[in-house]
Amino acid sequence: MRQRRIVGLLAGVLGLLLALTGTTGATGAVAAEARTAAVAGGEKRVFNAMQIIFQPDTPDLFCTIGAVGTDTYGRNIAISAGHCLRGEQYADRDIPENIQPVYDRGDAGFGPIGYVRYFKDPEGSMTGHATKDYMIIELVPTVIPSSQGPHLKQVGETAVAGGQPSPNALTPPLAVERLLGTALFDNNELVVSGQLGVYYGRITNNSSGIYQSWAPHKAGDSGGPAIWHVPGSAYPSSENGFRATGPWAGITKAIFLGVPQYAYTSSANILADLRARDAAHPGVYGAGFRVTTNP
């Protein structure tokens, strides 16, 4: 009986998606490619840039997966944006109960690909918590984590030796908990994937681990993937099928009133907060997250 009451509450509260400005469907080519990847070899694969929903009957209210991998405790994990969900009763704590399923928007009939284990409440903000705007999803055993999205292949996590520590980091911070620089001679760029396709742009501002970049996105891309453009590596182009490879650098956050207006939560902020939470309460879902090496 208690489980039924929780589910009912989540259907009305936690299951509500917070969109930035409204949502539209993915472009046909990207959606078709994603569906093909999801069923390659007869297996259900979960990958970066997969659009996700929280109720099968509301497919136009969606967010996006930013990274897929494993945690310190051997659990398969996907990461998205915290502001995609509301519900103060369940925010800011691990949720071991299977009370909020997550579905592949393009294949809801498969059933849940995972369950929400943690999300950071936006705390009144329309664009999510200032530095901890993330969600942890534990994937079900019947899906295969994949590092290859429709456009981006993620290889590890962005590590910045000697960079400014994330405000969420313990002391001393790990290299993956340090931020990309934005000084005049720092030419750090993000490559992002979403409904608009794949784009890249320089990081022009870093405010407490929130990157602003000219790489664009739109509503529904929240939580989607951003990788660091490794200097000297190929940019996405028609010659390479608009694909790029690089370490995970963050997830899509919001469209700000600013220049540039496109904001991303750094992977450093997410990884640092996960480690800090796990240090206080060992066993945290997503702690020690590492991008999968599965193709």
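Me: Before anything else, what counts as a disulfide here?
Reply: A disulfide is a pair of cysteine sulfur atoms within 2.5 Å. This is a predicted model.

Me: And how many disulfides does a search of the whole structure find?
Reply: The search finds one. Cys63 and Cys84 form the disulfide, with their sulfur atoms 2.0 Å apart.

Me: Which parts does that pair tie together?
Reply: Cys63 lies in strand β3, while Cys84 lies in the loop between β5 (76–80) and β6 (101–104), so the pair ties together parts that are 21 residues apart in sequence.

Me: Is the link left-handed or right-handed?
Reply: The link of Cys63 and Cys84 is left-handed, with -100° about the S-S bond.

Me: Are the two cysteines buried or exposed?
Reply: Cys63 is buried, and Cys84 is buried too.

Me: Where does β3 stand in its sheet?
Reply: β3 belongs to an open sheet of eight strands, in the order β3-β2-β6-β7-β8-β5-β4-β17, with antiparallel pairing. β3 (63–64) and β17 (290–291) stand at the edges, each with a single partner strand, so one side of each is left without a neighbour in the sheet.

Me: How many bridges join β2 to β3?
Reply: Two bridges join strand β2 (residues 51–53) to β3, and the strands run antiparallel. Gln51 has Thr64 in β3 as its bridge partner.

Me: What do strands of a sheet pair through, in general?
Reply: Strands of a sheet pair through backbone hydrogen bonds, and the pairing is either parallel or antiparallel.

Me: Which way do they point?
Reply: Tyr262, Tyr264 and Ser266 point one way from β16, and Ala263 and Thr265 point the other way.

Me: Which strands are joined to β16 by bridges?
Reply: Strand β13 (residues 210–213) is joined to β16 by four bridges, and strand β15 (residues 244–255) is joined to β16 by five. Both pairings run antiparallel.

Me: What stands opposite Thr265?
Reply: Ile210 stands opposite Thr265, and Ile251 also stands opposite Thr265.

Me: What else is in the loop between β10 and β11?
Reply: Arg178 has its place there, between β10 (152–157) and β11 (189–194).

Me: What is the nearest side chain of opposite charge to Arg178?
Reply: That is Glu177, 7.7 Å away. Arg178 is buried yet has no salt bridge; a salt bridge would need a side-chain nitrogen of Arg within 4 Å of a carboxyl oxygen of Asp or Glu.

Me: Then what lies by the polar side-chain atoms of Arg178?
Reply: The backbone oxygen of Gly163 lies 2.5 Å from a polar atom of the Arg178 side chain. Beyond four places in sequence, Arg178 touches several residues, including Val160, Gly162, Gln164, Pro173 and Ala268.

Me: Now Ser267. Where is it, and is it buried or exposed?
Reply: Ser267 is in helix α3 (residues 267–280). Ser267 counts as buried because its relative accessibility is 3%.

Me: What is Ser267 in contact with?
Reply: Leaving aside neighbours within four places in sequence, Ser267 is in contact with Thr158, Trp248, Ala249 and Gly250. Ser267 and Glu157 are 110 residues apart in sequence, yet their C-alpha atoms are 7.6 Å apart in space.

Me: Last topic: which residues other than glycine have a positive phi?
Reply: Asp92 is one of them, with phi near 65°. Ser208 also has a positive value, near 55°.

Me: Where are those two?
Reply: Asp92 is in the loop between β5 and β6, and Ser208 is in the loop between β12 (197–207) and β13.

Me: How exposed are they?
Reply: Asp92 is partly exposed, with a relative accessible area of 38%. Ser208 counts as partly exposed at 37% relative accessibility.

Conventions
Residues numbered from 1 in each chain as written. Predicted model: local features only at pLDDT ≥ 70, side-chain atom pairs only at ≥ 80, totals over all residues. Heavy atoms only, no water. Buried < 20%, exposed > 50% of the residue type's maximum accessible area, 1.4 Å probe, protein only. Contact = heavy atoms within 4.5 Å. Lys, Arg positive; Asp, Glu negative; His and termini not counted. Polar contact = N/O pair within 3.5 Å; in protein donor to acceptor, adjacent residues only side chain to side chain. Pairing = 2+ DSSP bridges.
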